[in-house]
Amino acid sequence: MIQVVPILRVTDVDASLAWWQQLGFVHDFTHRYGGGTTHRFMGIRRDGADIFLSENPADDVGPALIFVWVPDVDEVAHRFGATVEQHPWARDFEVSDPDGHHVRVGTKEIGQSA
């Protein structure tokens, strides 16, 4: 199995975790760099998908672009006050997390493939 895990440079992993929880992600682990420095590295997970959130300034700065599949795009869009658009690949919308990373959220229509 090959898995790709994006690492997003964030300013506050707690604020980022709260934001990503709206998309169904949960806390997996937290690591502190250098034996207790203030920079944290957090893993979050949803349905086998992982994202790493890093406060370490040495990690790449964004913004990044991520696409997240969800079962019901309308329900998630409502949480963000977003408008869903129809595309050939999915119905989706785009929002930005607290650090400016772009997150597209979508649901495949019946008969579509990823």
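**Close-up views of a predicted model**

**View 1. Contacts of Trp-20.** Beyond its neighbours within four places in sequence, Trp-20 is in contact (heavy atoms within 4.5 Å) with Leu-8, Phe-25, Ile-44, Ile-51, Leu-53, Ile-66, Val-68, Asp-97 and Val-103. Trp-20 lies in helix α1 (residues 13-21). Trp-20 is buried, at 0% relative accessible area. Buried means under 20%, exposed over 50%, and partly exposed in between, with a 1.4 Å probe and protein chains only. Helices (H or I, at least four residues) and strands (E, at least two) are DSSP runs, numbered from the N terminus.

This is a predicted model: local features need pLDDT of at least 70, side-chain atom pairs count only at pLDDT 80 or more, and totals for chains, interfaces and linings use all residues. Residues are numbered from 1 along each chain as its sequence is written, and side-chain values use heavy atoms, leaving out hydrogens and water.

**View 2. Strand β5 and its partner.** Strand β5 (residues 65-69) has a covered face, Ile-66 and Val-68. Its uncovered face holds Leu-65, Phe-67 and Trp-69. β5 pairs with strand β8 (residues 102-107) in the parallel sense, over five bridges; pairing takes at least two DSSP bridges. Leu-65 has His-102 of β8 as its bridge partner.

**View 3. The Phe-41 and Phe-52 rings.** The structure holds eight aromatic pairs. Phe-41 and Phe-52 form a tilted one, 5.2 Å centre to centre with 55° between the planes. Rings of Phe, Tyr and Trp (its six-membered ring) pair if their centres lie within 6.5 Å; planes under 30 degrees apart count as stacked, over 60 as edge-to-face, the rest as tilted. Phe-41 is buried at 13% relative accessible area, whereas Phe-52 is partly exposed at 22%.
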